[in-house]
Amino acid sequence: APPAYRGRLITATEILINVGVVLGYLSALLLDVRSIPEKWGWRIVTGLAALPAALVLGLSPLLPESPRWLAKQGRWDEVQAVLQQLYTNPVEIKALKKSIQDGIGEEQAEAGWGQLFCPSVVTRRMLIVGLGIAFFQQACGSEAMVYYSPSILEEYGIERVREQNRSVILIGFAKLLGAVLGGPFLDSAGRQTGVVVSTGVTVG
């Protein structure tokens, strides 16, 4: 991906996850519709989760094949054709082809399992950072707050189910806003600054 857009692309998955969370919260409002029988309300809400998957499955034939995968198969003519679909600048296409070639060469020279279990100093630092970020991303409790939002709100005195649903919708939108702002921030400030700032905000 072009360096100028990598931050946005990295956060795209998180944004889509949060969009799904918000839509899930919004679908719970159907439980309050009086014209829908109670025995069907939860079935409709649960069944709506299949719509995004069906949409992805239906549109998947329209997606171009991965240029990197095609290159691994030695199908460079198809690589060129896919890149021309995605980019119009010949110089950029040429640079991307070279980047793919270099990336494949680096993958072939990657360390094996021995290097993973008996890492060098540099590899050990990379493992600590990677595993540490993954651990603290979950240990900070953000996902637990999403899962147990109704119970937390009930402890704070919001006992009516309708009010709980409305409150968790606002929580979902706040989480989505943070994900949307994260991409441009990473592109402008850099990933290292982004990690430091987000860690400081979480601790604060």
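Student: Which residues does S27 touch, not counting residues up to four places away in sequence?

Tutor: S27 touches V45 and L48. Keep in mind that this is a predicted model.

Student: Where does S27 sit, and why is S27 called buried?

Tutor: S27 is in helix 1, which covers residues 6-27. The relative accessibility of S27 is 11%. Buried means under 20%, so S27 counts as buried.

Student: What makes the approach of S27 to G24 a polar contact?

Tutor: A polar atom of the S27 side chain lies 2.6 Å from the backbone oxygen of G24. The cut-off for a pair of N or O atoms is 3.5 Å, and 2.6 Å is within 3.5 Å.

Student: What about S149: buried or exposed?

Tutor: S149 has a relative accessible area of 3%. The limit for buried is under 20%, so S149 is buried. The residue belongs to helix 10 (residues 149-155). Leaving out residues up to four places away in sequence, S149 touches Y25, V168 and I171.

Student: Why is I44 called partly exposed?

Tutor: I44 has a relative accessible area of 33%. Partly exposed lies between the 20% limit for buried and the 50% limit for exposed, so I44 is partly exposed. I44 is in helix 2 (residues 38-47).

Student: Which residues is I44 in contact with, leaving aside neighbours within four places in sequence?

Tutor: I44 is in contact with L30 and I36. As for L31, I44 is 13 residues from L31 in sequence, and the C-alpha atoms of the two are 9.0 Å apart in space.

Student: How many salt bridges does the structure hold?

Tutor: There are three salt bridges. Side chains of opposite charge can pair when their charged atoms come close.

Student: How do you know that E78 and R75 form a salt bridge?

Tutor: The closest N and O atoms of E78 and R75 are 2.8 Å apart. A salt bridge needs a side-chain nitrogen of Lys or Arg within 4 Å of a carboxyl oxygen of Asp or Glu, so the pair of E78 and R75 qualifies. E78 is partly exposed, at 35% relative accessible area, and R75 is partly exposed, at 34%.

Student: Why do R166 and E163 count as a salt bridge?

Tutor: The closest N and O atoms of R166 and E163 are 3.7 Å apart. This value is within 4 Å, so R166 and E163 form a salt bridge. They are three residues apart in helix 11 (residues 161-189), which means about one helical turn between them. R166 counts as partly exposed at 45%, and E163 is partly exposed at 30%.

Student: What makes the aromatic pair in this structure edge-to-face?

Tutor: The structure holds one aromatic pair. F135 and F136 form that pair, with ring centres 5.0 Å apart and 75° between the planes. Ring centres must lie within 6.5 Å, and planes over 60 degrees apart count as edge-to-face, so F135 and F136 are an edge-to-face pair. F135 and F136 are both exposed.

Student: Which residues form the nonpolar patch on the surface?

Tutor: V19, L23, L26, L29 and F173 form the patch, with about 390 Å² of accessible area together. Helix 1 supplies the largest share, three residues.

Student: How many helices and strands does the chain have?

Tutor: The chain has twelve helices and zero strands. Of its 204 residues, 20% count as buried. The chain exposes about 15,200 Å², and carbon and sulfur atoms supply 65% of that area.

Note on methods: Residues numbered from 1 in each chain as written. Predicted model: local features only at pLDDT ≥ 70, side-chain atom pairs only at ≥ 80, totals over all residues. Heavy atoms only, no water. Buried < 20%, exposed > 50% of the residue type's maximum accessible area, 1.4 Å probe, protein only. Helix = DSSP H or I, 4+ residues; strand = E, 2+ residues; numbered from the N terminus. Polar contact = N/O pair within 3.5 Å; in protein donor to acceptor, adjacent residues only side chain to side chain. Contact = heavy atoms within 4.5 Å. Areas by Shrake-Rupley, 256 points an atom, 1.4 Å probe, with all protein chains shown as cover. Phe/Tyr/Trp six-rings, centres within 6.5 Å; stacked < 30°, edge-to-face > 60°. Patch = residues over 30% accessible without salt bridge, like charges linked within 9 Å, V, L, I, M, F, W, Y side chains within 5 Å.
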